[in-house]
Amino acid sequence: MDKHTWHILEILEENARATPENIASQTGLPVAEVNDIISKLEKDKIIRKYKTIIDWEQAGEDYVYAIIELKVVLERKQGYQTIAERLYKFPEVRSVRLISGDHDISITVRGRSMKEVAFFVAEKIATLEQVHSTSTHFVLKTYKEDGFIFDEPEKIKRLPVSP
């Protein structure tokens, strides 16, 4: 990947709403070339989705997020992909990751309450044949997500002190 393509990806990752004109001014490329590069990146599935980060708490919506770690037992001749596909089909599941350590898979789920998430885990996840055990961690507060800092502290402006 050349440096211009890499730079375009960095710009879009930071701000998905960056216009081709804005990207062109940052990279020194013509707008038409920026458009061509972005189109190719989308076609090649390097750019998978444009995303908006929403502060649901600020919007007045009460969502509960949990990170659930799973220990799984693989079925004969089937790998982690099979269980991952079953997991990511649930609309409550926001992400599925193969991880190292004591557990095999980590999923992030979203619900309207801790009880809703707990029932989802007990009824939908823990009952899967391949799932040996689960460990649920509720997210109490998000400080940073996808590079965006929530509740960034305001810089305190000191008033001048006169003698």
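Mentor: Happy to. A salt bridge here is a side-chain nitrogen of Lys or Arg within 4 Å of a carboxyl oxygen of Asp or Glu. Please keep in mind that this is a predicted model, where local features need pLDDT of at least 70, side-chain atom pairs count only at pLDDT 80 or more, and totals for chains, interfaces and linings use all residues. Residues are numbered from 1 along each chain as its sequence is written, and side-chain values use heavy atoms, with hydrogens and water left out.

Searching the whole structure turns up three salt bridges. Side chains of opposite charge can pair when their charged atoms come close.

Let us start with Lys-40 and Asp-44, whose side chains meet at 2.5 Å, N to O. For accessibility, buried means under 20% relative accessible area, exposed over 50%, and partly exposed in between (1.4 Å probe, protein chains only). Lys-40 counts as exposed because its relative accessibility is 51%, whereas Asp-44, at 38%, is partly exposed.

Next comes the salt bridge between Asp-146 and Lys-51, with the closest N and O atoms 2.8 Å apart. Asp-146 lies in the loop between β5 (144-145) and β6 (148-149) and Lys-51 in the loop between α3 (31-43) and β1 (64-72), so this pair ties together parts that are 95 residues apart in sequence. Those labels follow DSSP runs, with helices (H or I) of at least four residues and strands (E) of at least two, numbered from the N terminus. Asp-146 itself is exposed, at 55% relative accessible area.

The remaining pair to visit is Glu-61 with Arg-112, their side chains meeting at 2.8 Å, N to O. Glu-61 is in the loop between α3 and β1, and Arg-112 in the loop between β3 and α5 (114-125), so the two tie together parts that are 51 residues apart in sequence. Glu-61 is partly exposed at 30%, and Arg-112 is partly exposed at 43%.

Now for the hairpin. Strands β2 (residues 93-98) and β3 pair in the antiparallel sense over five bridges; pairing requires that DSSP finds at least two bridges between the strands. Leu-98 stands opposite Ile-105 in β3. Six residues lie between the two strands of this hairpin, and Gly-101 in the turn has a positive phi of about 110°.

Within β3 (residues 105-111) you will find Thr-108, which counts as buried because its relative accessibility is 18%. Leaving aside residues up to four places away in sequence, Thr-108 touches several residues, including Tyr-65, Ile-67, Val-93 and Ser-95, where contact means heavy atoms within 4.5 Å.
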